[in-house]
Amino acid sequence: MADPGHAAGQPRSSRHRFTRTLTARTVGVACAVAVLSVLVTAAVAIPLGLRGTERGARSALAARADLVEVVLADAARTDRAALADRLAAEFDGQGVELLYVDRAAAAPPQLPASVVRRLAAGEPVSQRRPVRVDGQPVLVEGRPFADGTAFVLVQPLRPGAGRLVWSNLWLALAAGLAAGLIAGVLLAARLSRPIRAAADAAVRLRAGDRTVRVPVEPPVEAEQLAHALNDLAAALAVSEARQRDFLLSISHELRTPLTTLRGYAEAIADGVVDVGDATQTGRIMLGEAHRLDRLVTDLLALARLEASDFTLELAEVDLGAVLTDAVDAWRPRFAGTGVALTASPPTTPVLVRTDPGRLRQILDILLDNALRVVPAGGTVRIGVPPDRVATDPHAVAVQVHDDGPGFTDDDLAVIFERGALHHRYRGERSVGTGIGLALAAGLTRRLGGQITAGHSPGGGAAFTVRLPRRPAAPCRVDGLT
């Protein structure tokens with residue numbers, strides 16, 4: 001059986017989602033502020049208005065009493081009652097009752113006893129506060145005469161003045177609600193427009209559109225959000241472009257040795273290779289296999305470097321011993337290409353707590369990079385710099401200089417980004433896989449240090465690896481591009 005409330009559930013859900021939007025909440029707040037303003041204004045204005053009306057009525061009644069006093073005072077005692085009756089008839093149409101009081105006769109029953117006593121004592125009566133006559137609030141003004149007579153003006157307060165004001169309040173309330181609704185809609189549209197634009201841009205970014213840009217418009221927070229999203233889109237576009245270039249470079253590097261291996265394998269399978277050439281063919285295939293192995297090893301190392309479980313085996317090592325081992329291992333290869341490798345290890349032991357295997361890997365990458373670009377007859381120098389960096393009690397440093405073609409300032413800005421220089425100099429100079437320097441930078445950061453590149457005095461490249469003597473903790477590598 002179908003749920004009878006299911007059909008109504010969708011509209012309620014939609015309404016619930018709408019009430020949670022910025023537009024709905026802004027409109028609601030604006031309307032609430034408008035209503036509250038109207039109510040507060042009414043709560044203050046109505047009592048003030050009533051008191052002002054009362055003061056005006058009391059002043060007008062006092063002026064009438066003074067006028068009646070002048071008229072009756074000039075009349076004879078015998079004519080005063082008749083004249084008072086005529087004036088009473090005039091005032092009756094104005095909502096004012098005139099009562100004539102004579103000590104020889106009984107006082108009008110509607111007059112309060114306190115008013116009668118004061119008049120009998122010859123005191124004028126001017127009530128600052130309304131008194132009640134027959135249960136109705138009235139204003140009273142009385143004037144006595146020397147002959148024992150007096151008169152009293154009684155004016156009831158306008159009935160329902162407060163209710164009249166409140167009955168007209170709905171006009172102001174409706175106007176306030178309308179103003180709040182209009183202001184809320186306009187404000188919500190103004191505030192939500194940059195947010196909706198940012199949300200749409202984020203959706204397009206997630207879909208792969210890197211050309212999206214968010215218009216920059218006030219307020220300041222919306223401008224900051226737009227700038228952040230625009231910078232993110234630009235950074236993603238650059239990163240993905242570099243990623244594509246890197247993958248193209250890697251695919252080319254993989255395809256070249258694979259093509260060589262496939263060609264020689266097909267030649268062997270077809271019997272084209274003579275027995276006498278088998279040894280040379282094997283050496284070529286072994287060299288290409290080593291090249292593939294090194295490329296795959298670098299890729300795996302780079303991938304592991306970005307993982308959270310990358311392990312380091314820290315130990316107390318002598319920096320000079322690590323440099324000596326690296327030079328001894330690389331000197332034959334340098335000699336075979338006609339490049340001199342000179343070392344200037346520290347004269348005294350320089351102890352540092354680091355991973356000797358990873359440090360050696362960094363040095364191997366830098367030496368391999370130098371060997372590839374330095375021409376025959378050039379020199380590569382490795383050692384500890386003699387300046388204050390070397391004697392820093394908190395850090396040690398190793399520098400590798402070469403006499404190669406060096407790098408431009410633009411190259412130095414992207415030198416540790418994987419594939420950047422490979423793509424830039426492919427076909428112009430000997431290039432590697434494009435990930436060696438990126439791997440060296442990542443390993444250095446993992447060891448808690450920093451690697452920098454610059455220009456050597458001889459015009460080539462200079463790399464400086466600076467490591468802390470006592471790293472606080474292994475560092476993660478984020479943002480490798």
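Predicted model: local features only at pLDDT ≥ 70, side-chain atom pairs only at ≥ 80, totals over all residues.
Residues are numbered from 1 along each chain as its sequence is written, and side-chain values use heavy atoms, with hydrogens and water left out.

Colleague: How many helices and strands does the protein have?

Modeller: Helices (H or I, at least four residues) and strands (E, at least two) are taken as DSSP runs and numbered from the N terminus. Counted in this way, the protein has 12 helices and 12 strands.

Colleague: How do the axes of α9 and α12 cross, roughly parallel or roughly antiparallel?

Modeller: Axes are lines fitted to C-alpha atoms, for helices over the stretch in contact, and angles run from 0 to 180 degrees between N-to-C directions. The axes of α9 and α12 come within 9 Å and cross at roughly 150 degrees. Angles under 35 degrees count as roughly parallel, over 145 as roughly antiparallel, 65 to 115 as roughly perpendicular and the rest as oblique. The crossing angle therefore makes α9, relative to α12, roughly antiparallel.

Colleague: How many of the residues of α12 are buried?

Modeller: Among the buried residues of α12 are G436, L437, L443 and R446. Helix α12 is largely enclosed by the rest of the structure, because the buried residues number 10 of the 11.

Colleague: How many charged residues are there in the contact of α8 with α9?

Modeller: These two helices pack at an angle of about 35 degrees, with their axes 10 Å apart. The contact, which means heavy atoms within 4.5 Å, includes D325, R333 and F334 of α8 and R360, D364 and D368 of α9. Here Ala, Val, Leu, Ile, Met, Phe, Trp, Tyr, Cys and Pro count as nonpolar, Asp, Glu, Lys and Arg as charged, and the others, Gly among them, as polar. The residues of this contact divide into 11 nonpolar, no polar and, for the charged class, five.

Colleague: Is T452 buried, partly exposed or exposed?

Modeller: T452 is found in strand β11 (residues 450–455), and leaving aside its neighbours within four places in sequence, T452 is in contact with F416, A462, F463 and T464. The relative accessible area of T452 is 35%, so T452 is partly exposed.

Colleague: What separates the C-alpha atoms of L412 and A461?

Modeller: L412 lies in helix α10 (residues 409–414), and leaving aside its neighbours within four places in sequence, L412 is in contact with F407, A453, G454 and H455. L412 and A461 are 49 residues apart along the chain, and their C-alpha atoms are separated by 9.7 Å.

How values were computed. Buried < 20%, exposed > 50% of the residue type's maximum accessible area, 1.4 Å probe, protein only.
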